[in-house]
Structures are given as structure tokens and as C-alpha cells.
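Hello,

Here is the structure I said I would pass on. Please have it open while you read the notes below.

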Amino acid sequence: MAAVDTAKLYNTETRRMEAIAPGQPDGLLRIYCCGPTVYHYAHIGNFRTFLVQDVLRRLLLAMGYRLRFIRNITDVDDKTIRGAQRERTSLGAFTQKWTDIFHGDCDALNILRPDGEPRATEHIAEQIAMVEALIRKGHAYATADGSVYFRLSSFPVYGRLSGVDVGQLAPQANDTGETANLADEYGRDSVSDFALWKAHKAEDGDIFWESPWGKGRPGWHIECSAMSMKYLGETIDLHGGGIDLCFPHHENEIAQAECVTGKPFVRHWFHSEHLQVEGQKMSKSLGNLLTLMDLKGRGYAPDGVRYALLSGHYRQILNFTFSGLDAARSALQKLRTKVAQLRSTAEGNAADYSQKTETIPQKIATYRHFAAAIEALKNDLNIPKCLGEIFSVLNRTAAADRQFFEELRSIFFILGIEIFSDTDPNRAPSVPDAIAALAAQRWEAKQNKNFGEADRLRQVLAEKGWDVVDGKDSYDLEPNGR
Ligand code: AMP
Ligand code: ZN
């Protein structure tokens with residue numbers, strides 16, 4: 001196996017910076033990230049987390065690591081069940097619709113598809129087998145109603161990842177009188193026995209599976225332990241998720257997995273901080289929950305959204321603002337304009353450089369021009385520092401050779417941004433006359449502050465396959481793939 005350069009990343013569990021290295025002799029780096037719950041549009045907070053994971057994955061690929069990257073789909077929980085019932089459709093049809101929409105958003109944001117994307121409902125047998133093993137080993141117990149709980153007192157090291165205080169048991173009791181938590185999601189003050197299997201309730205209707213304990217469905221936490229073990233083995237190298245998952249979800253994943261195997265579950269925990277909107281936690285009740293579709297509807301293209309969501313360090317809260325999104329769009333424009341200029345003045349075989357940024361680069365360890373930018377990423381995935389380095393290299397560069405473009409291509413492969421597109425000033429998209437006329441009408445309506453009409457025309461254009469991207473004094477039209 002060729003030696004690889006190492007990336008360092010903060011490990012939530014050890015609270016230290018650690019080198020990323022495969023733990024097994026086959027050299028394969030096993031990565032598991034918790035995926036979306038598919039009951040609605042994923043919001044831009046979710047995408048911040050998925051984008052950070054995507055850049056880490058791209059970096060590791062470019063550095064020569066061999067990876068297996070698994071990200072699950074949570075397609076059964078309270079929210080998916082209620083959603084399917086509300087729409088009077090099957091759970092499968094309901095979650096497939098939202099899975100497709102999630103995939104569409106990921107593609108638009110240029111997030112690489114995982115190597116495997118297992119769904120909870122397709123691994124019920126594996127989850128039941130794991131619950132049975134936990135009962136056999138004395139770590140879980142069934143209650144009279146046909147639910148099964150993990151016995152927290154049987155796992156004394158519970159809480160070592162998040163530092164949560166196990167002494168603070170919640171005052172809920174299940175029907176054996178033990179302190180238990182019935183919800184999938186619960187707060188920090190309610191450390192208690194948690195559900196591995198949930199007995200069928202009348203409100204679940206026809207959504208249930210047969211099990212040794214009767215009809216029911218898995219609790220949320222067991223799916224990740226069961227599916228990561230199936231696809232990656234008993235010990236995984238890197239496990240990721242948003243910081244909210246640290247407790248209880250990841251603590252519970254550790255407890256379930258380690259009590260079954262007796263081996264360490266995860267060698268390195270990778271958590272990314274949350275996204276806020278205009279300084280506030282994103283929530284439906286505050287009306288500030290934003291999706292990619294909302295941003296596209298306001299004229300922002302997905303590459304600018306990607307850039308904005310990646311612009312902060314992953315271990316710090318990112319405050320999303322529309323002025324920040326405008327700044328991201330103009331930063332991207334500046335980068336592309338500069339790259340286009342360098343290409344237009346390049347000589348020899350650099351002049352025709354047009355390689356797309358979507359293939360995995362090679363030999364980044366020997367790069368000269370962008371070494372500091374790559375170093376920033378290798379050191380706790382410091383994307384803002386990397387972007388700063390890229391700008392300073394571009395600002396001081398007046399002429400570029402082929403090696404320069406090759407390195408530029410690599411760094412933008414890692415960031416997942418197509419830097420050579422739209423860089424040819426002569427290449428304007430061919431917009432049909434009728435579309436151009438509608439767009440001009442819309443612009444005029446907007447200038448006259450007739451926003452209702454402007455929005456209506458934006459919608460008409462979107463349905464005809466064109467998104468309008470407004471600038472300060474003009475607008476662009478971009479094909480939206482419809
Ligand atoms: P969910 O679909 O709720 O299971 O979440 C999918 C991923 O998004 C998980 O890794 C969450 O930790 C993450 N996440 C949820 N809310 C936010 C947020 N506001 N900012 C960043 N990541 C988030
Ligand atoms: Zn998980």
C-alpha cells in the first residue's frame with residue numbers, strides 16, 4: 001500500500017487533535033455519518049453538517065486514503081410515521097419521496113453520494129438480532145407492553161463521549177418501575193434507560209414489524225449501531241454527525257454496540273457545530289428554517305450556498321445571514337473572474353486548461369503553489385484558512401502555468417466547487433428569446449417594486465427550466481435542470 005500523508009482532526013471523545021489513520025491492516029478507512037430523517041426538506045443546518053463531511057471526505061480521497069463512507073437514511077421514527085399518516089400514504093412511499101428530494105438537493109450542492117446508504121426499514125432483522133443479543137447479555141430487558149429498553153446501569157462507562165452526568169436520572173418510569181425514556185429524542189437532563197424496541201401503539205396504525213416481543217418498531221438509536229456494524233464491521237475509524245447527536249444518540253450508539261461486541265465502537269468522533277440563522281437557532285416556530293429550495297427561490301444558486309455554508313470553521317457555530325450569502329456569491333465570482341483572467345493570459349499548454357474539477361486529484365503532497373491551502377485543510381479541516389490562502393495566492397499571481405491550474409483544480413475538487421465553469425467570458429449560456437423576454441419583464445416589475453408580479457414571473461421561469469439569479473444592478477439566468 002502506498003504511504004499516505006496524514007490529516008489531523010479534533011476527536012470529540014479524547015478532546016485532542018489526532019491523526020486520521022485506518023485501524024485495520026487492510027488500510028481501509030471506515031467512516032460512518034448519521035444521515036437525514038426523511039420526512040421533510042433537509043434544512044441548511046443539516047446541509048452544513050453534510051457539506052463539512054463531504055469536504056473531509058474529498059480531502060481524504062485527494063490525500064490518497066482509501067475510504068468506505070456510509071451514511072444512513074432514517075426512514076422510520078415518530079416524524080416519518082406521522083407524515084405518512086397525514087398524507088394517507090405508505091411509510092415507504094412517503095420516505096421515498098423525501099429521500100429523492102434529499103438526493104436532488106445533495107446533487108445540486110455537489111455532495112458526493114456515499115459508498116452505501118442503508119435505510120433503517122431495510123435492516124429490521126439486523127436491529128432485532130442486536131436487541132436479542134443485548135437481552136441475552138443482560139444489557140436490555142423487555143417490558144410487559146412488548147417494548148425493550150437498554151439498561152443503563154449495565155454500562156458503567158456511559159457518558160464518556162459527551163461527559164453527560166448519568167447520576168441525573170429522569171423521573172419517567174416504564175411498567176417495570178425502572179427509569180426509562182420513551183421518546184426518540186430527549187434533552188440532556190433525562191439520562192435514563194432508552195428504548196431499543198418500541199411496542200406498537202394504536203396511533204402507529206399499520207406501521208409495525210413482527211418481533212420476538214410482538215408488533216412494534218425499532219427505537220431510533222439502534223439503527224446506526226446495527227447498520228454501521230453490518231457495512232463497516234465492529235470497530236469503525238471515524239464517526240460523524242452534528243453536535244446535537246453527541247448526546248443522547250451517539251452515547252446510545254456506543255452503549256449498544258460495545259455491549260454486543262465487547263470492542264471499541266468508534267476510534268475517532270467527528271462532530272460539527274450548528275448553523276444559526278441571523279443569530280438565532282433555526283426552528284419552525286421562529287419561521288427562520290431555510291431550505292435549499294427557499295434560497296433558490298430567492299435567486300441564489302447552489303454553488304454560492306455551498307460556499308457560504310462552508311465558510312466557517314466546523315467547530316464553531318456558523319451564523320447564516322443573507323448578507324453573508326451575498327458575500328459568498330461575490331467571493332465566488334471574484335475567484336472565477338481571476339481564474340478566467342489567468343487562463344486568458346496563459347501561454348503554451350496552460351492556455352487550453354479546462355479540466356473539470358470532478359475527478360480525484362493526485363499527488364497533492366507535492367504541490368507548490370497551494371501547499372498552505374492544503375495544509376490548512378489537513379490541520380483540523382480549516383476551510384476559512386484554506387480560502388484565505390487561495391485568495392492570497394491568486395492575488396499575488398499574475399501569470400500561471402499548467403502546474404498552477406492543476407493544483408487549483410485539486411483544491412477546488414476538495415472544496416467541491418467548479419472553478420473553471422463560467423470562467424470563459426465568451427461563454428454565455430444560450431437563453432431562448434422567449435425566456436429572455438420574460439426575465440426582462442420580471443426585472444422591470446422588480447425595479448417598479450411590483451414584487452408580487454416579479455415573484456410570479458420567477459415561478460413561471462423556474463417551471464420553464466430557468467432560475468433567475470439577481471445581482472445588485474442586473475440578473476443572470478441559470479438552467480435549473482427541469
Ligand atoms: P436529522 O435529519 O435531524 O437527523 O439531522 C441530520 C444531520 O443534521 C445530523 O448530523 C444533525 O446533527 C445535523 N443538524 C441538525 N440541525 C443542524 C443545524 N442547525 N446545524 C448543523 N447541523 C445540524
Ligand atoms: Zn446515527
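Which residues does Thr235 touch, not counting residues up to four places away in sequence? They are Gln24, Arg30, Lys263, Pro264, Phe265 and Arg267, where contact means heavy atoms within 4.5 Å.

Before the rest, some notes on conventions. This is a predicted model, in which local features need pLDDT of at least 70 and side-chain atom pairs count only at pLDDT 80 or more, while totals for chains, interfaces and linings use all residues. Residues are numbered from 1 along each chain as its sequence is written, chains are lettered from A and ligands numbered from 1 in the order in which they are written, and side-chain values use heavy atoms, with hydrogens and water left out.

Back to Thr235. This residue is in the loop between α5 and β10 (238-242); helices (H or I, at least four residues) and strands (E, at least two) are DSSP runs, numbered from the N terminus. Thr235 has a relative accessible area of 19% and is therefore buried (buried is under 20%, exposed over 50%, partly exposed in between, with a 1.4 Å probe and protein chains only). A polar atom of the Thr235 side chain lies 2.6 Å from the backbone oxygen of Pro264.

Next, the zinc ion (ligand 2). Its protein donors are Cys34 (SG), Cys224 (SG), His249 (NE2) and Glu253 (OE), at 2.1 to 2.4 Å. Donors are N, O and S atoms within 2.8 Å of the metal (3.2 Å for Na, K and Ca), and water is not among the atoms, so sites may look incomplete. Along the sequence, the donor residues follow the spacing C-x189-C-x24-H-x3-E. Cys224 belongs to helix α5 (residues 220-232) and His249 to helix α6 (residues 246-261), so this pair ties together parts that are 25 residues apart in sequence. Cys224 is buried, at 1% relative accessible area, and His249 is buried at 1% as well.

Last, Leu381, which sits in the loop between α10 (371-378) and α11 (383-395). Is Leu381 buried or exposed? With 1% relative accessibility, Leu381 counts as buried. Leu9 is 372 residues away from Leu381 in sequence, yet their C-alpha atoms are 6.9 Å apart in space. Leu9 is also one of the residues that Leu381 touches, not counting residues up to four places away in sequence; others include Val52, Phe270 and Tyr314.

Regards

How values were computed
A polar contact is a pair of N or O atoms within 3.5 Å; within protein, one must be able to donate a hydrogen and the other to accept it, and residues adjacent in sequence count only if both atoms are side-chain atoms.
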